[in-house]
Amino acid sequence: MIKGLDIQYIRRFLVFAKPYKGWATIGILMLPLSIVTNLLFPWLTIRVIDDYLSTGNYDGLPWVIGAMIAVVAVNYIADSCYSYFLRKTGQHTLFDIRMSLFQRILNLPRTYFDRTPTGVTLSRLTSDLEAISDSFVMGVLSMVRDLINTVALIILMLFINWPLTLVVLTVFPPVLYITHWIRNKLREIYKITRSSLAKGTGYLQECLFGVKTVQLYRAEEEVEARYQAYTQEFLHAQMRSNKYDAVLFSVITGVTTITIGLIIWYGSGRVVQEAVTLGVLIAFINNMEKVFVPLRDFTGQIAAIQRSFAAFDHLDELFQEPLEEDGRTLLSPADFGDRLRTFESLEFRDVSFRYTQDSPYVLKNVSFKLEKGHQLALVGTTGSGKSTILRLISKVYQDYEGQILLNGIELSALSIDDSMHLFSLMQQDVYLFDQSIAFNIGLGKASISRTDIQEAARYVYADEFIKNLPDGYDMALSGNGGNLSAGQTQLISFARAVAQGGQVIMLDEATSSVDSVTENLIQRAISRLFKERTVIAIAHRLSTIRHSDTILVLDQGQVVEQGTHEQLLARNGVYAGLLNQAADQDGGDMVLT
Ligand SMILES: Nc1ncnc2c1ncn2[C@@H]1O[C@H](COP(=O)(O)OP(=O)(O)OP(=O)(O)O)[C@@H](O)[C@H]1O
């Protein structure tokens, strides 16, 4: 009844259980013991009734009763060990799946995050894994045991009295048909349930992230209405699945009762004719419970297992997401030797790029060269492609046309680790974790010392303000640096980039205005970097732009002008126009946006 695809999933995920096969083996070895003791009990019941109670000969009866007690005890122990060891295997396996998924998510390309809301990924790691833990690990274990027990019981019943067993078996085909039909229905519904839950979680995550904006713009009602729509979809799917669950449950309960009635009706007639003993009839009535109750539970477990198959489906999708470097042939360190030890040059040759196959080009034949010790400023109106250039250098996106040469080597042939160690990125939209300032500066450099962290902060003039904060470098940040000012956040981002130790600084200059003292520190840090390092900067402030050896002016993805500040001013073209525009709006340092 398990479809080919399901078996494929199970196989794929069973690989994770391999390290725990010792525990699984102990659990599985308990199964025959559980089955044998389960069969011995009805057999001993028949013996007690037919050989002792019906004949009035009680010699040896205490031994048989003793044996029955021992059988029950062994059955109990075998069942407990079976559940304990297999659950332990399941839970450790899930732990490994969770860690492996998390690691994979961290390495997925940016395109995945562009098209997938964060909440959807979040629900894969939380509710989908929970569904597998609750339903698959627990459900499958009891289902397998119940199924084997039921088959074994039916075989025993056939041996004891086949005509009575045939009475029982006549009801099996309709029951199996109904179970199969409802199973398919439930599977469809569980898929909807999980995807609406994921959508709801995604939206919830987005709302909580932007709750301040929601409150500021009084958008509570609008946001609530959308959340209600998602949760309502979830509720409807749940209601539908409840309906099928209820039908299934009552069908099985009804069938059990009818079959017991049939057995009593047919069996008592045979007892009167002395074709069946009383012990056999009583054992059959008892066995009915043992055949149908697992069948009823089995259908309940099927519902839970459907839920976990839908979850497997989602996790499998995530495991199938290609990693950025999948399918690419990369050069190994042996191929490029020590040509990447120090930064020499970075060259764009006719680079064109679009984010997706069906979207327009955002970079068109861009060419420039950055030499060691030089500074390059990227200038242009919003959306002209400046950040995209930095993203291509950082290998956040890779499928560009043309050539990007790092020290003469094609960038797409290098792994992120082999190329990115030469660069440090100073982001505008820096993310600060809810950890200490020291942790945030040293991010990604597990072995960095406190002295090096302080050195990096001193280099960008951040040391003084950090030392004046309560707890200094150990001050805990919260809410993405919500307890710092915008300027302080920028300085920490600068310190983080310097601590990374890259030879080329990629700066995405912030446009937001900060207080004049911090602004002064930021300007001093930038001019120090421009004097001492190789820099490629998305520059907005005239003071930053003027420090650059080369200014690249971009317009709608194309390089329209290239030169020094003086050369471009003399040209009186796009750059001069941008400057004039900024001069009209600004009082102090001009900001080109
Ligand atoms: N992840 C993305 N997916 C699809 N299109 C994108 C993506 N990021 C940017 N774009 C598009 O690419 C174009 C260039 O964007 P880019 O961020 O490089 O501009 P920019 O010059 O850095 O702008 P700004 O100064 O406003 O930051 C824009 O039209 C933008 O809409």
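The ligand is surrounded by Asp114, Tyr355, Ser359, Val362, Gly380, Thr382, Gly383, Ser384, Gly385, Lys386, Ser387 and Thr388; a residue counts as near a molecule if its C-beta atom, placed from the backbone, lies within 6 Å of it. This is a predicted model, in which local features need pLDDT of at least 70 and side-chain atom pairs count only at pLDDT 80 or more, while totals for chains, interfaces and linings use all residues. Residues are numbered from 1 along each chain as its sequence is written.

By class, the shell around the ligand has two nonpolar, eight polar and two charged residues. Here Ala, Val, Leu, Ile, Met, Phe, Trp, Tyr, Cys and Pro count as nonpolar, Asp, Glu, Lys and Arg as charged, and the others, Gly among them, as polar. Helix H12, residues 386-393, gives the most to this shell, with three residues. Helices are DSSP runs of H or I with at least four residues, numbered from the N terminus.

I turn now to a pair of helices. The axes of H2 (residues 21-53) and H3 (residues 61-106) come within 7 Å and cross at roughly 155 degrees. H2 is therefore roughly antiparallel to H3, a term for angles over 145 degrees. Their contact comprises 23 nonpolar, six polar and three charged residues.

Finally, consider Ser449, in the loop between helix H14 (437-441) and helix H15 (450-459). Is Ser449 buried or exposed? Ser449 is exposed, because 10 other C-beta atoms lie within 10 Å, and exposed means 12 or fewer.

Methods:
Axes fitted to C-alpha atoms, helices over the stretch in contact; angles between N-to-C directions. Helix = DSSP H or I, 4+ residues; strand = E, 2+ residues; numbered from the N terminus. Parallel < 35°, antiparallel > 145°, perpendicular 65-115°, else oblique. Buried ≥ 20, exposed ≤ 12 C-beta atoms within 10 Å, placed from the backbone.
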